[in-house]
Amino acid sequence: MSKKQATQNDIVDSAVSSGATAWFAVQVRALREAVALLRDFAPLRSTLPVLSHILVKTTADALELAATDLSVFVSLRLIAQVDTPDLALALPARAFGDWLNAQPLSDEAMLVARHDAESATAELHVARATARLKGIDAQEFPAQPPVSDGATVALDAGAFAQSVRRVAFAAATEKDGRLVLEGVFTRIADAKISFAA
């Protein structure tokens, strides 16, 4: 996407809006990694424009991000310095990720965000770089389906990811009407977990 296209589509301008509210500050490296992961679950083209966005929401002490294609809902939580909790806005996943990728990557780099409710935009500041991303009202973002109560299993994240990778290559990649073949079968029994695809 060229600079001109990005400006016309999602990045409103680089001027600071006087009506914006201080929102949050978060480490750029952590946010970049989170957005990179969530972008894969935000379809570029959809009949619902909000699905190509990442929901950004603040709580009392954290930043929550979510993306969905309506079949999979993924959410992440980052430690952040929150100025105004309970503010949310859906930001365009591609423009958000592309802008973050253009920022300096260091452990000290922080992103400071402001929220302009009137124009549904987020002002993002990293060092001397500033962008205003036009968003969509968070109310339009699909609600996360409730998770029913059930058994809880604690796993080593690295071992779990490695095990899934060892079988995921065999999962179907083309939609042929049998969605079950696109997943990894997981069975928990006798203190063991089995994976198959």
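## Aromatic pairs

A search of the whole structure turns up 3 aromatic pairs. One of them joins tryptophan 23 and phenylalanine 24. Their ring centres are 5.0 Å apart and their planes meet at 70 degrees, so the pair is edge-to-face. The cut-off for that class is over 60 degrees. Tryptophan 23 and phenylalanine 24 are both buried.

Another pair joins phenylalanine 160 and phenylalanine 195. Here the centres lie 5.7 Å apart with the planes at 65 degrees, so this pair is edge-to-face too. Phenylalanine 160 sits in helix 4, residues 157–168. Phenylalanine 195 sits in strand 12, residues 192–196. The pair therefore ties together parts that are 35 residues apart in sequence. Phenylalanine 160 is partly exposed, at 38% relative accessible area.

## The model as a whole

This is a predicted model. The protein has 197 residues, and 36% of them are buried. Its secondary structure comprises 4 helices and 12 strands.

Consider the contacts in the protein with a separation of 6 or more: 66% of them are between residues 24 or more positions apart. The accessible surface comes to about 12200 Å². Carbon and sulfur atoms account for 53% of that surface.

## Leucine 38 in helix 2

Leucine 38 belongs to helix 2, which covers residues 28–39. Is this residue buried or exposed? Leucine 38 is buried, with a relative accessible area of 0%. The cut-off for buried is under 20%, so the value of 0% qualifies.

Which residues does leucine 38 contact, leaving aside its neighbours within four places in sequence? They are Ile54, Leu65, Ala66, Ala67, Val74 and Leu76. Phenylalanine 73 is 35 residues from leucine 38 in sequence. In space, the C-alpha to C-alpha distance between leucine 38 and phenylalanine 73 is 9.6 Å.

Serine 52 lies in the loop between helix 2 and strand 2, the strand covering 53–58. Serine 52 has a relative accessibility of 17%. Because buried means under 20%, serine 52 counts as buried.

The side chain of serine 52 makes a polar contact of 3.2 Å with the side chain of histidine 53. Serine 52 also has contacts beyond its neighbours within four places in sequence. These are with Ala42, Pro43, Leu44, Pro92 and Ala93.

Technical notes: Residues numbered from 1 in each chain as written. Predicted model: local features only at pLDDT ≥ 70, side-chain atom pairs only at ≥ 80, totals over all residues. Heavy atoms only, no water. Phe/Tyr/Trp six-rings, centres within 6.5 Å; stacked < 30°, edge-to-face > 60°. Buried < 20%, exposed > 50% of the residue type's maximum accessible area, 1.4 Å probe, protein only. Helix = DSSP H or I, 4+ residues; strand = E, 2+ residues; numbered from the N terminus. Contact = heavy atoms within 4.5 Å. Polar contact = N/O pair within 3.5 Å; in protein donor to acceptor, adjacent residues only side chain to side chain. Areas by Shrake-Rupley, 256 points an atom, 1.4 Å probe, with all protein chains shown as cover.
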